[in-house]
Amino acid sequence: MNLTIKEAFTVFENYLKDYKIENARLETRILFCRALNLLPTQIFTKEKEVISSRDYRTLKSLFKKKIKGYPTAYITGEKEFFSRNFLVNKNVLIPRPETEELIEWIIYNTSKEKKEKLDLIDIGCGSGCIGITLFLELNINCLTFIDISRKALKVCQKNVEKLILNDAANIEYIKNNFLNMKDFRPFDMAVSNPPYVLIDEFKQLDKSVKDFEPKKGLLVKNPEVFFKTFFQNVFSLLKGGGTFYLETNPLLIELKRNLLSEAGFSDIEIKKDLSEKNRFIKCVKK
Ligand SMILES: C[S@@+](CC[C@H](N)C(=O)[O-])C[C@H]1O[C@@H](n2cnc3c(N)ncnc32)[C@H](O)[C@@H]1O
């Protein structure tokens with residue numbers, strides 16, 4: 001075909017526009033960087049270079065996936081979260097910007113409140129974006145990841161190897177249904193972004209989420225039953241004075257406030273996200 005990078009860029013950008021893909025230019029840039037192994041600025045500094053037929057085939061296959069609705073993060077295998085690149089695949093939820101807000105809140109509070117090193121547990125860890133980021137940003141002694149999905153835990157482990165070069169000895173992985181767990185060693189802090197999409201909401205989700213992201217990571221079929229046991233278990237694994245942080249569906253705030261209180265938690269605080277929705281909860285085991 002002998003197209004230059006610049007010419008091919010226009011062809012593929014127009015291809016995405018024809019299929020009404022949002023942010024066609026940005027998506028084209030991300031997929032070009034991935035296929036041609038370039039930094040974003042190199043797309044322009046190398047624009048006159050001719051693309052090899054092998055690279056052109058790679059570009060075609062990535063753009064075909066995009067047209068079919070694959071989330072870009074699954075095509076590139078990466079997602080930026082809190083300024084670090086996390087490996088992702090179809091077995092883990094793609095880290096969301098709201099979860100970065102949860103991390104900011106935890107860092108802000110913890111830096112003020114705690115001086116000693118913390119034992120932290122990330123429940124439903126998925127890619128490990130929460131636990132790994134907190135490990136790198138706070139004074140963490142031991143970090144435990146739990147997920148019901150073995151494949152998700154594998155991605156988490158790869159992210160630990162990629163992003164936490166030292167101290168990996170202080171990290172453990174548990175593959176289990178958190179609801180069935182009985183014995184825990186005590187932790188200072190528990191963090192979770194559990195599944196929280198309700199069945200009716202699931203049907204309304206964007207195709208790129210509904211058709212590609214793991215249902216186990218998103219859907220909660222019976223929130224009252226699920227979170228009752230979930231919160232009782234979190235309560236029993238925390239030390240006295242331990243803190244629990246949680247991301248949630250705004251529609252479930254009142255249910256969760258009640259269930260947390262029934263489980264024995266105090267000082268329940270609700271925080272809004274940047275879209276002014278009640279999204280995060282902090283509570284304490286006194
Ligand atoms: C919303 S995703 C969150 C993933 C990651 N923490 C994040 O914020 O991107 C929820 C995760 O919880 C896991 N999960 C769902 N039910 C679980 C259970 N009963 N026990 C343990 N993990 C569970 C799912 O496999 C999924 O990885």
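Colleague: Which residues of α7 do T99, I103, I106 and I107 in α6 meet?
Modeller: This is a predicted model, in which local features need pLDDT of at least 70, side-chain atom pairs count only at pLDDT 80 or more, and totals for chains, interfaces and linings use all residues. Residues are numbered from 1 along each chain as its sequence is written. Taking contact as C-beta atoms, placed from the backbone, within 7 Å, the partners in α7 are C129, I130, T133, L134 and E137.

Colleague: At what angle do α6 and α7 pack?
Modeller: Helices here are DSSP runs of H or I with at least four residues, and strands are E runs of at least two, numbered from the N terminus. With axes as lines fitted to C-alpha atoms over the stretch in contact, and angles from 0 to 180 degrees between N-to-C directions, the axes of α6 (residues 97-113) and α7 lie 11 Å apart, at an angle of about 35°.

Colleague: Which elements give two or more residues to the shell around the ligand?
Modeller: A residue is counted as near if its C-beta atom, placed from the backbone, lies within 6 Å of the molecule. On that basis 23 residues surround the ligand, the closest being G124, G126, F178, N193 and G217. The elements asked for are α7 (129-137), β4 (140-147) and α11 (215-218).

Colleague: Which residue stands opposite E78 in β2?
Modeller: Strands count as paired if DSSP finds at least two bridges between them, and β1 (residues 78-81) pairs with β2 (residues 84-87) in the antiparallel sense over four bridges. The residue opposite E78 is L87.

Definitions and conventions. Buried ≥ 20, exposed ≤ 12 C-beta atoms within 10 Å, placed from the backbone. Contact = placed C-beta atoms within 7 Å.
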